[in-house]
Amino acid sequence: MSWKYIKFDKNEHVAKIIFDNPRKNNALNILMRSEFSEVLNACSIDDEIKVVIITTNSKNFCSGADLSEFNTFPSIVESNLISKNNNLWKDLYNFEKPIICLTKGWVIGSGFEIIMLSDFVFSHTSSKFKMPEVELSLTPISGGTQTFLNKTNVAIAKEIMLFSEEIDVYKAYNFGIINFYSDDYNLLIEQVRKFTENIKIIDLKRLKIVKKLLNMSTEENLYLGKHLEQYYSESLR
Amino acid sequence: MNNPEPMSVLNSDKYIIISLKNEIISPEEIYYDLNSIIQEINTNEDIWVVGFDLTKVVKICDIKSSSESLNISLTKLILEIKKPVIGLVSGEISNRLFEMILPMDYRITDKKSTFIMSQIFNDNMQFDGATQLLPRIIGLNKSKELIMFGKQINSKEASEIGLVNIIVDEEKLNEIFIRKIELLTQFSPLAMQFTKTAINFSKDTNTIRGMNMENDLYSILLSSKDRTSSINSIKNKSKRNPYYGK
């Protein structure tokens, strides 16, 4: 099966979702989002896949939403419905298997929000992160206002989203947004490979439960989380 | 707008700066005036950004009357501001002054400033929200260090843990303060307001519910003239002129 803006590759337990819209610096249009959603759902139900890597072969990871599509719908109701019916961001958040983002170049708007919805981020030093929404009279729509606080603190979240300031990998690393960075892209690929190799031996069910519990820790009450940890741990024996 | 003592209020194009003028501030003295100023800020479409200049304040006292103490909360007032709030502080930021900066969205200080909450050593405790607001900003671990052990930190440490956003030279404090405020006046006021609301909401709800709220706010913004004109100006490569979208 092939898609217009997404390439897909599967090698044993590792799936790769590759953004492929280089002419628009991987700006996410409606079709690309729907293709991304389709591939993600396929990865979700394929039990051979234990980890998903989201990356690109072109210069920039993702330059955000495709602004050329904005204001093109005949009615606000219609464009409202499109954003309401788009479950991609919630699917990403609820995705049970680990997601790794491997970035370079622009990581802008929705692109930035995608890495905030993922579990691990490996970034080339060329990566530039920015949330330009407020500058463009928009608000984040891909979960940014919620997910930033899971990884960093409210002061940094406001600095990034209210001031629309661009940050580099060093700042992103200090802010807890990315996990690893390097100026050698091949080295980064090798690091990701080692990382995914380690995941290979882990039981998929265990992997899913641990991710779910960790995500719960930032938003559920401690006693419920602790109880579920014991319950799941017991059920896996 | 009136200039009630001991506060001064500077109204400028699209922003307002509230300066506390005395070294020692009693919350009762400013609460009612501040309350009415904030009501006006929230309803006045010409005010997009709010600045708080607290550089002259050395101490904010405890409330004298215990019957009034539950009604007078400066942080609650600041939390009610819908527009982005930038705070400027300098010197030893302690106890209730420390608490007062916590509900602000962006904090600026100088290299020499220090931060301390020592109430626990004085048979006292935090009153104006620090036990709730501080962990939301710097996390539980660091908050316990500061609140339970009364640890004093310098501005560099404060910046590293996310308590302040920017440290500048003392002589540049005011310049940077104004520059940051003016930067925000270039952006869409409604988008700023909604983004702030959604971020603040995120700590008190789960991610999926928060994402639904983000989506709802986006839907409201979708019909604003501000957004439509902004997108059109990007497409036409013309000058963008944000205004309080209706």
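**Chain B: its interface with chain A and its sheet**

Modeller: In this predicted model, B:Asp105 forms a salt bridge with A:Lys158, the closest N and O atoms being 2.6 Å apart.

Biologist: How many salt bridges are counted between chain B and chain A?

Modeller: The pair B:Asp105 and A:Lys158 forms a salt bridge. Polar contacts across the interface of chain B and chain A amount to 19 residue pairs. For salt bridges between the two chains, the count is 2.

Biologist: Which element gives the largest share of the side of chain B that touches chain A?

Modeller: The contact takes 50 residues from chain B and 45 residues from chain A. Elements giving two or more residues to the side of chain B include β8 (106–110), α9 (189–202) and α10 (207–222). The largest share, 12 residues, comes from α10(B).

Biologist: Which residues of chain B lose the most area to chain A?

Modeller: The area buried between chain B and chain A is about 4200 Å², and carbon and sulfur atoms give 60% of it. Together, 16% of what the side of chain B buries belongs to the residues that lose the most area: B:Ile199, B:Glu214 and B:Tyr218.

Biologist: Why is one side of β1 and of β11 in chain B left without a neighbour in the sheet?

Modeller: The open sheet has 6 strands in the order β1-β2-β4-β6-β8-β11 (chain B), with mixed pairing. Strands β1 (7–12) and β11 (166–168) of chain B have one side without a neighbour in the sheet because they stand at its edges, each with a single partner strand.

Conventions: Residues are numbered from 1 along each chain as its sequence is written. Chains are lettered from A and ligands numbered from 1 in the order in which they are written. This is a predicted model: local features need pLDDT of at least 70, side-chain atom pairs count only at pLDDT 80 or more; totals for chains, interfaces and linings use all residues. Side-chain values use heavy atoms; hydrogens and water are left out. Two strands pair if DSSP finds at least two bridges between them. Helices (H or I, at least four residues) and strands (E, at least two) are DSSP runs, numbered from the N terminus. Contact means heavy atoms within 4.5 Å. Buried area is the accessible area (1.4 Å probe) that two parts lose on being put together, summed over both. A salt bridge is a side-chain nitrogen of Lys or Arg within 4 Å of a carboxyl oxygen of Asp or Glu. A polar contact is a pair of N or O atoms within 3.5 Å; within protein, one must be able to donate a hydrogen and the other to accept it, and residues adjacent in sequence count only if both atoms are side-chain atoms.
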